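Please walk through this structure with the text beside you. Keep the 3D view open and turn to each residue as it is named.

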Amino acid sequence: MNTTNPQDRLIFALDVPDKKEAEHYVKMLEGVVGCFKIGLELFIREGPDVVKMVQDHSSANIFLDLKLHDIPTTVRGALRSAEKLGVRYITIHSTEGETILETADEVKGSGLEVLAVTVLTSTSVSSLASLGIRDDINAAVLVLDRAVRAQNSGCAGVICSGEEAKLVRQKCGEGFKIVVPGIRPRWADVTGDDQNRIATPSQAIEDGADLIVVGRPIRDANDPREAAQKIVDEISL
Ligand code: C5P
């Protein structure tokens with residue numbers, strides 16, 4: 001395990017439309033979460049300015065969740081650009097196999113860690129079947145295959161659901177980062193939830209996650225700071 005302080009293991013997804021709202025959450029959650037995740041909605045709207053804003057108001061790590069998916073040359077260029085922003089994590093897709101996963105070597109040793117997205121946590125078993133994936137290949141089989149390829153290609157870790165965390169830990173061993181979104185504390189009530197393969201914070205950590213990603217259960221809580229603290233307390237037990 002690479003992180004010891006429980007709060008360092010909590011990543012808050014800054015899934016908000018603009019920098020002003022993001023700043024509100026960064027100031028409110030500074031000191032309770034270990035990392036802020038900037039996703040597509042915010043980055044497309046605000047660009048690198050939003051990264052700077054987080055750096056100006058917080059000492060937490062930054063995770064640029066852009067889920068890069070393009071030809072290797074383009075992904076390599078994007079990784080070099082991300083490295084210059086001073087962020088800690090970035091995501092690339094793993095569906096194309098080694099050719100894309102091996103782009104991680106472009107930023108090796110720079111402090112930027114490349115995480116491979118395996119199968120989105122919003123993907124259900126039935127949606128895999130409707131994509132023409134063979135019946136005997138379930139989400140766990142796909143995730144494991146992609147995790148092994150990501151590890152062999154030099155990625156720092158993977159994004160997978162809590163349902164596969166244990167298997168990935170067994171297969172890939174310690175030192176390979178497992179980051180789990182689709183986290184739903186028992187007390188959380190997310191309206192119109194699109195996540196399918198979910199886990200509670202403590203279950204995900206128990207099963208081998210190094211880091212958990214939480215968005216709406218914190219963002220939409222009456223008191224987001226208290227909600228984040230409750231999650232930290234749960235994973236501290
Ligand atoms: O609101 P919620 O807790 O569902 O937020 C989860 C976050 O994790 C979102 O920002 C989403 O983009 C991200 N994510 C995910 N599944 C992945 C990778 C990232 O849900 N496989």
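The model is a predicted one.

Start with the ligand. Which residues come nearest to the ligand? There are 16 residues around it, and Asp-15, Lys-37, Thr-121, Arg-184 and Arg-216 come nearest. The side chain of Asp-15 places an N or O atom 2.7 Å from an oxygen atom of the ligand. Arg-184 brings a polar side-chain atom to 2.8 Å from a ligand oxygen. Arg-216 works from its backbone: an N or O atom there lies 2.7 Å from an oxygen atom of the ligand. On its own the ligand has 470 Å² of accessible area, and the protein covers 89% of that. The space that the ligand takes up is the largest pocket.

Now look at what builds the shell. β3 (61-68), β8 (211-214) and α10 (216-219) each give at least two residues to the shell around the ligand. Two of these elements, β3 and β8, return below.

Is Lys-37 buried or exposed? Its relative accessibility is 9%, so Lys-37 counts as buried. The cut-off for buried is under 20% relative accessible area. The side chain of Lys-37 also has a protein partner: a polar contact of 2.7 Å joins it to the side chain of Asp-65.

Stay with β3 for one more residue. Lys-67 has its place in this strand. Its phi is near 45°, a positive value in a residue other than glycine. Lys-67 counts as partly exposed because its relative accessibility is 27%. Partly exposed covers the range between the buried limit of 20% and the exposed limit of 50%.

Next come the strands. In a regular strand the side chains alternate between the two faces of the sheet. Take β8 with that in mind. Leu-211 and Val-213 point one way from β8, while Ile-212 and Val-214 point the other way. All four of these residues are buried.

Which strands pair with β8? Strand β1 (residues 10-13) is joined to β8 by 3 bridges, and the two run parallel. Leu-10 stands opposite Ile-212 in that pairing. Strand β7 (residues 177-180) also pairs with β8 in the parallel sense, over 2 bridges. Here Val-179 has Leu-211 as its bridge partner in β8.

Move on to strand β5 (residues 113-117). It is mostly covered, with 5 of its 5 residues buried. Both faces take part. Glu-113, Leu-115 and Val-117 are on one side, Val-114 and Ala-116 are on the other, and all are buried. Note that Glu-113 is among the buried residues.

Strand β4 (residues 89-93) pairs with β5 in the parallel sense over 5 bridges. In that pair, Ile-90 stands opposite Val-114. Strand β6 (residues 157-159) runs parallel to β5, and 3 bridges join them. There Val-117 stands opposite Ile-159.

Ser-153 is in the loop between α7 (139-152) and β6. At 9% relative accessibility, Ser-153 counts as buried. Its side chain reaches the backbone oxygen of Arg-149 at 2.6 Å.

Arg-88 sits in another loop, between α4 (72-84) and β4. Its relative accessible area is 27%, so Arg-88 is partly exposed.

Finish at helix α9 (residues 201-206), where Pro-201 has its place. Pro-201 has a relative accessible area of 0%, which means that it is buried.

Conventions: Residues numbered from 1 in each chain as written. Predicted model: local features only at pLDDT ≥ 70, side-chain atom pairs only at ≥ 80, totals over all residues. Heavy atoms only, no water. Buried < 20%, exposed > 50% of the residue type's maximum accessible area, 1.4 Å probe, protein only. Helix = DSSP H or I, 4+ residues; strand = E, 2+ residues; numbered from the N terminus. Pairing = 2+ DSSP bridges. Near = heavy atom within 4 Å. Polar contact = N/O pair within 3.5 Å; in protein donor to acceptor, adjacent residues only side chain to side chain. Areas by Shrake-Rupley, 256 points an atom, 1.4 Å probe, with all protein chains shown as cover. 1 Å grid on protein atoms, 1.4 Å probe; cavity = no way out; pocket = protein on both sides within 12 Å on 5 of 7 lines; lining within 4 Å. Sits in = over half its atoms within 2 Å of the grid points.
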